[in-house]
Amino acid sequence: MSFNKIAIIGLGLIGGSLAKAIKHSDNSVYITAFDKLEILKKALHDKVIDEALSSVDGSLICDLIFIALPIEQSLKVFKELAHKLSPNQVISDLCSVKGIFADEWKIISSAGSYIGAHPMTGKEKSGYGNSDLLLYENSVYIVCSEDEDDKILNLYIEFIKQVNARIVLLDAHLHDKITAHVSHLPQLLSVLLMNQANNKMDNISLLDFGAGGFRDMTRIASSDFRIWQYIIKHNKTEILKALSSFQDQISRLNRMIMSDEYELIGNLFESARLARNEIPINTKGFIDPLYDITVFVKDEPGMISKISTILFNNDINIKDIELLKIREGTGGNFKFYFESENDAAKAKQLIITAGFNIQ
């Protein structure tokens, strides 16, 4: 058994990026897709897919079917297709709420297999036009399997590994509890914070003074509510629990400030600092960290190329690069990420020897 022919229902940001990543990794995989006609034409023109489907039922000719639509639509398609699966066929939704699909699968009679998944990656803007073959690179890809066949699950995991995502196995309902705290609650808080600051004092706009920290905290406030509406709807219970817990913390902080309990407030800052420093920002999620070094690079042509050439010549692979700060005419700090601690140590020594400053 192998996944030589796959279907992707929904070529938006998530589905389109998956198609691009798979086709880039293994051009022999035959990719079919279903979406709006204009999107299918664009994907065919881009050679991202090999065949446009005229209906979701057309996906039943494939070994593996991905559903990459908004939750409500995904659930509808899931119910339409799941009971029609043949043995050795796999259906996999890519939605950010998993319990509802796991529960639905339990009441469906199907000869096939279901593997739920949640790629914890994305952008502020959706749609095929914003899809990116590197979107899954180093991202956490949560797998919630409801199938007892380890062979099929392992085959699925190996197939996904080709997009360079980091696989994590998780129970579907535990997934929903976790994401309520680390994804869904932050989204709602970002929206509230943005609306809170979208005011004027003495005819002066507060937002005119929003610096880098404010922009970082409200980056996701521009997310599409048409997607979030159904995430909130289908993970309502866990989101309400997360909000209640957060409200308790707000009330506690309020009492501390009113009572001038600055030592206790300082303890909150310190515990937050320690916890935040443990989070690897480079995985696009918080699991399986890479190893990084920060390098000051002068604002001169060819500097990044010089570093990458040195590392390439010494068989050291750069997994990711992040620009931290830059000043035109002077230079900036770049963070380079590596697969292992050993690679990072070797890279550090080579870069210092080449005359660069390590921060």
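**Exercise 1.** Is the crossing of H4 and H6 left-handed or right-handed? Determine also how the two helices are oriented and which residues join them.

*Solution.* The model under study is a predicted one.
Step 1. The crossing of H4 and H6 is left-handed.
Step 2. Helix H4 covers residues 99-106, and its axis lies 8 Å from that of H6, at an angle of about 165 degrees.
Step 3. Angles over 145 degrees count as roughly antiparallel, and therefore H4 is roughly antiparallel to H6.
Step 4. On the H4 side, the contact is formed by Gly-99, Ile-100, Ala-102 and Asp-103, while H6 contributes Ala-172, His-173 and Asp-176.
Step 5. Sorted by class, this contact of H4 with H6 comprises three nonpolar, two polar and two charged residues.

**Exercise 2.** Describe the packing of H6 against H8.

*Solution.* 
Step 1. Helix H6 spans residues 172-197 and helix H8 spans residues 225-234; their axes come within 11 Å and cross at roughly 125 degrees.
Step 2. Because of this angle, H6 is oblique to H8.
Step 3. The crossing in which H6 passes H8 is left-handed.
Step 4. From H6, Ser-183, His-184, Gln-187 and Leu-188 meet Trp-228, Ile-231 and Ile-232 of H8.
Step 5. The contact of H6 with H8 has four nonpolar and three polar residues, but no charged ones.

**Exercise 3.** Work out the strand order of the eight-stranded sheet, and identify its edges.

*Solution.* 
Step 1. The sheet is open, its pairing is mixed, and its eight strands follow the order E3-E2-E1-E4-E5-E6-E7-E8.
Step 2. Strand E3 (51-52) and strand E8 (166-169) are the edge strands, since each pairs on one side only.
Step 3. Within the sheet, strand E4 (residues 64-67) and strand E5 (residues 90-93) run parallel and are joined by four bridges.

**Exercise 4.** Locate Glu-158 and state which side chain makes a polar contact with its side chain.

*Solution.* 
Step 1. Glu-158 belongs to helix H5, which runs over residues 150-161.
Step 2. The side chain of Glu-158 makes a polar contact with that of Lys-161, at 3.2 Å.
Step 3. Between the C-alpha atoms of Glu-158 and Ile-65 there is a separation of 16 Å, and these residues are 93 residues apart along the chain.

Terms used:
Residues are numbered from 1 along each chain as its sequence is written. This is a predicted model: local features need pLDDT of at least 70, side-chain atom pairs count only at pLDDT 80 or more; totals for chains, interfaces and linings use all residues. Side-chain values use heavy atoms; hydrogens and water are left out. Axes are lines fitted to C-alpha atoms, for helices over the stretch in contact, and angles run from 0 to 180 degrees between N-to-C directions. Angles under 35 degrees count as roughly parallel, over 145 as roughly antiparallel, 65 to 115 as roughly perpendicular and the rest as oblique. A crossing is left-handed if the near helix is turned anticlockwise from the far one by less than a right angle, and right-handed if clockwise. Contact means heavy atoms within 4.5 Å. Ala, Val, Leu, Ile, Met, Phe, Trp, Tyr, Cys and Pro count as nonpolar, Asp, Glu, Lys and Arg as charged, and the others, Gly among them, as polar. A polar contact is a pair of N or O atoms within 3.5 Å; within protein, one must be able to donate a hydrogen and the other to accept it, and residues adjacent in sequence count only if both atoms are side-chain atoms. Two strands pair if DSSP finds at least two bridges between them.
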